[in-house]
Amino acid sequence: MVRRIDVTGTGGVRLAAWEFGDPPKTVPGSEGVAGAGDSPAVLLLHGLMGRASHWASTARWLCERHRAVALDQRGHGQSDKPPQAAYTREAYVDDAEAALEQLGLAPVVLIGHAMGALTAWQLAAKRPDLVRGLIICDMRASALGAASQREWDEWFRSWPLPFATIADVRKWFGEDDPWVERPNAARGEFYAEVMHESADGWRPVFEPEQMLRTRETWVYDAHWDELAQVRCPALVVRGLDGELGRAEAQEMVRVLPLGRYAEVSDAGHLVHYDQPSAWRGAIEPFLESLG
């Protein structure tokens, strides 16, 4: 079962939230869920250019014990993409806060990938009363700088839009993209999920200009101070070949008051999508410790 729930974000932006499985049954006369004791709800936040459906595999096994909801963040997926809306850090954090309150999920476990992980730890720092646990997947706390933003701008310009077929999307992002070091079918599938068929071919469901506007609100700053303000248990997960290096990941664990560390081998940046079984093995013990 996949169920869409509309949420109103900051500034009135309409956001699409998704449940990819039936919530656990409640135990008569108790506040818990059957077989799960006091298992908290989970909110899943995708990364830049991602969408809620990228969490489908994770959300489905989470639903065995937790109420699990994935959010299409503003400018992404089936949520609104108003050209004049704010695409700031504050807007993304406020949207996630609004989703928690409107869906009745708090106190929640936040699971975020890349940009979604930054949103998650910023929300955990801002509203500790709403967050019971935090999982950070392959997101750096260090400033990335102007050179990184220029590289992304050039990368977007290199996309051969429109793609003639969805197979061309899979092949370009999985094999031909100059950022691909070796063929990666999962990466091709990941980007195929964020394309839609238009009159002249296949194009992204997001506006690349909005993605750059979104990204420029965090790449010039470091985010260690906010990380240090997270008071709940937190797990930092990196792919062995991801964007978050081991030294920085371990420093993030040190800075987090209740930080823990996990590493997934044979995985790149798209840890949860590339290696779903190993990803589950990395985060499930942490989730069980919260229950």
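Burial was assigned from relative accessible area: under 20% is buried, over 50% exposed, and values in between partly exposed (1.4 Å probe, protein chains only). By this criterion C63 is buried, at a relative accessible area of 6%. The model is predicted, so local features need pLDDT of at least 70 and side-chain atom pairs count only at pLDDT 80 or more, while totals for chains, interfaces and linings use all residues. Residues are numbered from 1 along each chain as its sequence is written, and side-chain values use heavy atoms, with hydrogens and water left out.

C63 is in no disulfide (a pair of cysteine sulfur atoms within 2.5 Å). Its nearest cysteine sulfur, in C137, is 19 Å away. C232 is also buried, at 9% relative accessibility. The closest cysteine sulfur to that of C232 is again in C137, at 16 Å, which is too far for a bond. The disulfide count is 0.

Nonpolar cores were defined as sets of buried Ala, Val, Leu, Ile, Met, Phe, Trp, Tyr and Cys residues joined through side-chain atoms within 4.5 Å. The largest contains 71 residues. Within this core, M49, W121 and I136 touch the most other members. Helix α3 (residues 115-126) supplies the largest share, 8 residues. Helices (H or I, at least four residues) and strands (E, at least two) are DSSP runs, numbered from the N terminus. A second, separate core holds 30 residues, including L44, C63, V264 and V271.

Contacts were taken as heavy atoms within 4.5 Å. Apart from neighbours within four places in sequence, W121 is in contact with L134, I136, M139, R140, A141, H223, E226, L227, V230 and M252.

T58 lies in helix α1 (residues 56-62). This residue is buried, with a relative accessible area of 2%. Not counting residues up to four places away in sequence, T58 touches L44, H272 and W279.

Helix α6 (residues 185-192) is mostly covered, with 6 of its 8 residues buried. The buried residues are A186, R187, G188, F190, Y191 and A192. Their cover includes α4 (145-158), α5 (166-176), β7 (195-198) and α10 (271-274). At the start of α6, a side-chain oxygen of N184 comes within 3.1 Å of the backbone nitrogen of A186.

Conventions
Polar contact = N/O pair within 3.5 Å; in protein donor to acceptor, adjacent residues only side chain to side chain.
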